Amino acid sequence: MTLPAMVLDDLTWQDMVDAIRTRIAANSRGKWTMHGPQDTGVTLLELFAYLFEQRIYWLDQVHAPLARALLALLDDTPRVTQAARTVLAFPTPDPAVPTRIVAGALFSTTLGEQVLPLTTLESVDVLPVHDDDPDAPGSHPKLSLRVDGHDQTARLSTLGAVPLLPADGSAGRFEIVLWLDRTLDASERDGTCTLLLELAAPDACAPEWAPRSTDSHWFSRVPSSGYDTVDASAAISGSCGLEPAVIPPPTSEADPLLGEIAPEWAARELRVPAPATLALAYSTGPGAWKPLHAESWIDGTGGLRRSGVWRVRIPVDWAQSGADVDGLTPYALAVSCEEGTFASAPVLTRLVPNVAVARQVESVQLTSASLEPQLDAWLKLPGQQLALDRTRSEPIEDSVQLELREADGEWRRWRATDDFYRHGPGDRVFTVDRARKLLRFGNGLTGRIPVLAAPPGDRARVCYLAGGGSVGNLARQVWQSPGVALAPVNAVPAVGGAEAESFREADARVARDLQRTERAVTAPDYETLAKTTPGVAIARAHTAVGFHPDFPCQALGGVTTVFVVPEVPRGDGTGADLGVATPIVDPGALRTVAERLEARRLLSHEVYVRAARYRAVYVDVDLVGIVLDEASLTGAIRAHLARHLDALIGGEAGAGWEFGAPLRPTALLHQVQTVLGKGVAVARVGIALDAPDDFEDCADVSIGAHELVYLAGFDASYRRSSMTNGGLR
């Protein structure tokens, strides 16, 4: 039975007035005789009843401060506006003039104000890579690709899929050649060369330019150090905190977003190590190579794990790698790997030079001419406001930076908050009204009232990022800038733009988050956490409770081992070659999953993460019947059995072979029979493990409790015989 919703607002003004009037005579002992509206006392009682009725009405309403307070109990708040990101690709510049695009360059389109501008997050030296077709729309830079000594340029341009490095543990190497219209200029030395590498990566490995988001939002917390004065060297700059595309490595300093909360307990994106160790070299002459120092190369692909941008500091001794061809000069880069520990070979789909990551925002810094008249009109009263630039786009809430010179003459930084309800009278905070382009200050009880120094001199510094929202999620566009002669295009669609989250959306998200697994208690918890590890693609996980990798023959208490299978390409799953037969998770992903489970395990419990273990399966089949093309039928059976035994798409349900499931000759006989046509029958199916001998054709063949299988060999023998149906003739 469903309980009816509770109604708190069930008392009306008339009910309260009638109840009060019935008590006047008794409570006044008969001294209050006039009970009509003309009596002053009755008028006051009716007024109090009116005010109390409004308070009762509020009981059934969830207003903004209450909604934010309820979300704050779960350490969350509605998410602010998100700005889209993309990658701008610059066309070939004038060969005679070295061209450099600086970080913070603003680009807009010819479509008008409905398409917000983009701001580059990094500087790039646009090299004169020859354009094969300069009159066609877009850019067609001339590049060459060689993999293990074989030219793969034509395959990349036609098929858009070139495996770069092996995944079987062997060494590999590939070279990228840029064909320039001229030799590099001295002014371009020590500059930045950029290359966009689009890879056929799983969806779980988001590209570098995808906006980084956190599951928990620790916005608007008062810093534990208070509000110190602002040093002149730390004053607000025009960049307004535009984060660079290059993320610095983590340090031992406290995370400013998390404060004193232990980072391992926050659901934040993990930094995933590279799947293999890569080394980059550059040409110093024909056939001559020199290794590039690790600090001069920033690999946005994470070791070819995801799509991203390579940023290479142009060496002073980078020379052409060969003789000029048709007036074009080749400059080469080479990537080598001594041990290909990838889960599957990284597949390159597109290669674009001269790129820069851009964000759909523009930095706005208000001038004294717009700020001082507003400050002169301020009174020392609650509810002060500061208007932002009305001619620009709406501000992104958490990007606003504000410094005020207060009555003591010191500059202090004020911080943006989502609401004043969680702040006291001394907190220097303000809220951002995005729609009205206003900053609002506190009332002295919740949030400090700003008291400024007397003129002359500046009393405020304001900088913010304008833009954001879903309007920034754009397809391919041509962009232009007044100060740049080149007109780039966004090489990839702009993604990640989103409007500020409403209370209803935040409430629904938090309700979903309450059901999300964040602690490893049961066996399914371990598997869910492993498969949802951010930044890596884990297709399957298997929990072995009581299994210790160092003591596999004895069940132990307080220990759990999780075996993981990475997500690797399987195509349509019908071909004889499925790709990697035994998917092994790479060391970087294995370490990341282990760190995630380690932070979420039970106290005093041990957890280990290991790659899945595989057993080689050999199948021998005897067929009886008339077969015209034995080779084709053998190949079809082999492909079907390989798919059926596969770790990712095998099994009866197509979700992968079950861990520890035995091999049954009768089950494989059924699978073979589904491939055969009329007139052909299966006489025998033999199964062998690890070696093609001692085939078992009657009993089940068992494997380890936590092992998987793959088809290592298949053989079919044919006995030509006419199959009759029997019965009367």
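**Figure 1. Antiparallel pairing of β9 with β15 in the predicted model.** Strand β9 (residues 172–180) and strand β15 (residues 329–337) run antiparallel and are joined by nine bridges; strands are DSSP runs of E with at least two residues, helices are DSSP runs of H or I with at least four residues, and both are numbered from the N terminus. Two strands are taken to pair if DSSP finds at least two bridges between them. Within this pair, Glu-175 stands opposite Ala-334 of β15. The two strands belong to an open sheet of six strands, ordered β7-β6-β9-β15-β11-β12, with antiparallel pairing. The edges are formed by β7 (150–151) and β12 (288–291); each has a single partner strand, so one side of each is left without a neighbour in the sheet. The model is predicted: local features need pLDDT of at least 70, side-chain atom pairs count only at pLDDT 80 or more, and totals for chains, interfaces and linings use all residues. Residues are numbered from 1 along each chain as its sequence is written, and side-chain values use heavy atoms, with hydrogens and water left out.

**Figure 2. The chain as a whole.** The chain contains 10 helices and 31 strands. Of its 729 residues, 45% are buried, where buried means under 20% relative accessible area, exposed means over 50%, and partly exposed lies in between (1.4 Å probe, protein chains only). The chain exposes about 36400 Å², of which carbon and sulfur atoms supply 54%; accessible areas come from the Shrake-Rupley method with a 1.4 Å probe, and for residues only the protein chains shown count as cover. Among contacts with a separation of 6 or more, 74% involve residues 24 or more positions apart, a contact being heavy atoms within 4.5 Å.

Figure 3. Helix α1 (residues 13–27) has 15 residues, which at 1.5 Å a residue should span 21 Å; its end C-alpha atoms are 21 Å apart, in agreement. The expected span is 1.5 Å times one less than the number of residues. Met-16, Val-17 and Ile-24 are buried in α1. Seen down the helix axis, the buried residues of α1 fall within an arc of 95°, so they line one face of the helix; the arc is that of the directions from the helix axis to the C-beta atoms. Cover for these buried residues includes α2 (40–59). Thr-22, Arg-23 and Ala-26 are exposed on the other side of α1.

**Figure 4. Backbone exceptions in three loops.** Most residues other than glycine have a negative phi, and most peptide bonds are trans. Arg-29, although not a glycine, has a positive phi of about 55°. Arg-29 lies in the loop between α1 and α2 and is exposed, with a relative accessible area of 75%. Leu-304, also not a glycine, has a positive phi of about 65°. This leucine is placed in the loop between β13 (297–299) and β14 (308–313); Leu-304 is buried, with a relative accessible area of 5%. A cis peptide bond, with omega about 10°, joins Pro-455 and Pro-456. Pro-456 is found in the loop between β23 (438–441) and β24 (460–467).

**Figure 5. The largest nonpolar core and helix α10.** The largest nonpolar core has 41 residues, among which Val-619, Leu-623 and Leu-663 touch the most other members. Such a core is a set of buried Ala, Val, Leu, Ile, Met, Phe, Trp, Tyr and Cys residues joined through side-chain atoms within 4.5 Å. At least two residues of this core come from each of β27 (559–566), β29 (613–625), α9 (630–644), α10 (665–675), β30 (680–689) and β31 (707–719). Beyond its neighbours within four places in sequence, Leu-623 is in contact with residues including Leu-633, Ile-637, Val-672 and Val-682. A second, separate core of 36 residues includes Leu-156, Tyr-282, Tyr-331 and Phe-342. In α10, the buried residues are Pro-665, Leu-668, Gln-671 and Val-672. Seen down the axis of α10, they fall within an arc of 120°, so they line one face of the helix. Their cover includes β29, α9 and β30.

**Figure 6. Surroundings of Ile-584.** Ile-584 is placed in the loop between β27 and α8 (587–600) and is partly exposed, with a relative accessible area of 36%. Leaving aside neighbours within four places in sequence, Ile-584 is in contact with Phe-342, Ala-343, Pro-566, Ala-611, Ala-612 and Tyr-614. The C-alpha atoms of Ile-584 and Arg-610, 26 residues apart along the chain, are separated by 9.6 Å.
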